[in-house]
Amino acid sequence: MAGMIDLPLTGVRVVDRTSGGIATAARLLAELGADVIRVEAPGGGADRDHGPTVAGVALSFVADNLGKRAVAPADDDPAFDALLADAHILIEDSAPGSAAQARLDPAGIAARHPALVVMSISSFGQSGPWARWQATDGVLHAVTGGLSRSGLPDRAPLLPPGELTIRTAGVQIAALALASFIQRLRDGRGDHVDVSLLEAGMAALDPGFGVAGSAQSGVPLWKMSRGRVDERFRYPIFACADGHVRLCVLAPRQWRGMFEWMGRPDEFAGPEWEKLQTRFRSTTLIPAMARFFADRTRAQIEREAEAHGVPAAALLDLGEAVATPQMVARGAVAKMAVAPGVSAPFPNGTIEIDGARAGIRGPAPDLSDARFDGPIPDWHAPPAADLPLAGLKVLDMGVIVVGAETGRFLADLGADVVKVENGAFPDGQRQSRDDAPVSITFAAGHRNKRGLSIDLKSDAGKALFARLVERADVLCSNFKPGTLAGLGFTPERLRELNPRLVTVDSAAFGPTGPWSRRLGYGPLVRASAGLAKRWTYPGEPDSFSDGVTVYPDHVAARVGIVGVLALLIRRMRTGLGGSASVSQAEVMLGHMATDIAALGAAAAGHRVDTPPMATPSGLYPAAGDDEWVVVTARDAADWRALAEATGHEEWLVDPLLADAQGRDAERARIDDALARWTAARPAGQAAAILQAAGVPAGEMLRVVELPAAPQHVALGTFREAAHPLIDVRFAVEGAPARSRLPLPDQRPAPRLGEDSAAVVADWLELTDAQVDRLLADRIIETV
């Protein structure tokens, strides 16, 4: 439960009219202090009994709605409109063109309540050729480019476990809601924001046109081969005496540690082995490492790896993951009541505020007559401006994916974001193995920033940085915990320099606990958090297939952004800054909350009832080479529509298929027939036929195909960008949603130190002579 901290969203009032995984957006706001009232249909929402249940209560419902209150007025009930009149934010998910949307009338709500921020969430947006299509997580994964990269070479693609696309989209929705609320605080006007899960999930999970992971060496995902490539050599997984371990040997110093650990074998002694490409191309290195690890235990390998400076992690199952010393020490999981006499463990939030966990604030709600009754703070917002963060100054010390995304998001919202580097230690994302002078992924991920190169090892450089901190509003970092303190900038020192400063940091396992200083990359976090063992082909436990994703980096960045925006809102009422810390492993556990609760409930002796799987549901071949379509028949209505659309009306009178249990038992027969139907037509055509009948379906799109997809074109999802050091134009994300905010700027990512002189002159009001002295003394550098 959240402790006695000044939660940053105290006084913010949110009406949550969503269900399912989208409801995680409002739960995140509740954990940060917002008063969230969930509005359900009279009699209760359908998600109260959807999925695995304990004592008749859906575990997913509990996970998504902890800390909220709930009411059930009709849409035309004056009490509902009175609730909206008292609210600051409405999040709703009525489907475009549906009877539910007509009854709710979100546009009418926005007109009647002009100071209200209305977040309209839909599968594919409110306009465009797919606007009335419906989506499941698998469908979204297909049409956002992720599915085409998931799986092993010469195999069918592999849907990832869980609902990663929808649940990561929830964090993006929360960030956009807070950005719009800040804009409302500045100019007094609400907004009606059109957010598609298509775009929100793509941006927060694994964007094909965003910044990519280290092992990509700066080559964008849209340049990858058409099929699934074998990524296992990048972050290899090895069998050992009691399971499996994963290694991430990327930097030369890490390879030197691995070389020493293996006993300095002559075969790998040359200097060429310090290069990633030499190691990636080798046909003998991986087998040699496999032999080296075969008789060691996971714990032994982790200890020895740490001693040699080699990033490594044991592959854990989900039960092991929540019981690690790190998760126990940090209180990452908390038991909550599910029903009278029944409790289960749930992930306990994802953000620490001012060093204290902003976690679960209460149980999932029963229906009541809840109303907003707490005091509304007196927020002292900056003057009105075109963008929410206009006029704010951000020191961006982030690196690779999490760092790039955090600063870029704030820059797109109008902040003056300064990327802080040093010529001797540039961001590794600048490098590109395709010989470009700067990588396209760096150019995409750091657009709209300015660049400052500063010597933070010198006393003069530290003194200059301290002056910049005094003028900054936000400081972002994702170093290993303790790095900034090692430079003399402890949290206490930062507060002393600037009590109004908001800081955000992100680490693999969080800033505290026995694993806090572990070397951490996304693949290692996935191993330690129990996801890598789940991302496998059915019945093939060793078919690990998560190597290409950079999850959870993009969504972890957005969790940090939510923390920053929340703290900026708090600063408007207190005048003081604060800190937000994010554990990437705990972000991931939050996306597996239902499974964690089910495991814990079963371990405690409670019966967990799991409904039959939706049938048909999954991946089906389409006409052509490696072409696929995802189909999900969610319920009886979808089943009837699918049978009629595919010409199998006989299924509707087959007694063996009369209910969900029967269809699940006959899954093989149904799948075979549906596969023959999809294989006879192009994937796009098959998806369109099924969607026209109301059945969620989606063509597997490759990253390179996304900008031309008709719905992305209609929504303006992408736009072209340029960089002076890159001889081709390239696609980047456009606006994250349709709203009254203008499109973000399109300034190219900075060259190393490109704006050093201008930044110190602007921020510190230095004269030309003072700037020249800093350049002459090499305290700052410029291109």
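I looked up the largest cavity first, and its volume is about 370 Å³. The model is predicted, so I note that local features need pLDDT of at least 70 and side-chain atom pairs count only at pLDDT 80 or more, while totals for chains, interfaces and linings use all residues. Residues are numbered from 1 along each chain as its sequence is written, and side-chain values use heavy atoms, with hydrogens and water left out.

I wrote down the terms. A cavity is a set of points, on a 1 Å grid over the protein atoms alone, where a 1.4 Å probe fits but cannot get out; lining residues have an atom within 4 Å of a point. Points are joined across faces, edges and corners, and the volume is the space filled by probe spheres set on them.

I looked up the lining of the largest cavity and found 29 residues, with Leu176, Gly734, Ala735, Pro736 and Ala737 nearest its centre. Helices α7 (164-187), α8 (197-205) and α15 (400-412) each give two or more residues to this lining (helices are DSSP runs of H or I, at least four residues, numbered from the N terminus). I sorted the lining into 18 nonpolar, six polar and five charged residues (Ala, Val, Leu, Ile, Met, Phe, Trp, Tyr, Cys and Pro are nonpolar, Asp, Glu, Lys and Arg charged, the others, Gly among them, polar).

I turned to the second largest cavity, of about 270 Å³. Of its 19 lining residues, Thr24, Arg27, Thr350, Gly590 and His591 are closest to the centre. I noted that α1 gives the largest share of this lining, five residues.

I ended with the count: nine cavities of 30 Å³ or more.

Technical notes:
1 Å grid on protein atoms, 1.4 Å probe; cavity = no way out; pocket = protein on both sides within 12 Å on 5 of 7 lines; lining within 4 Å.
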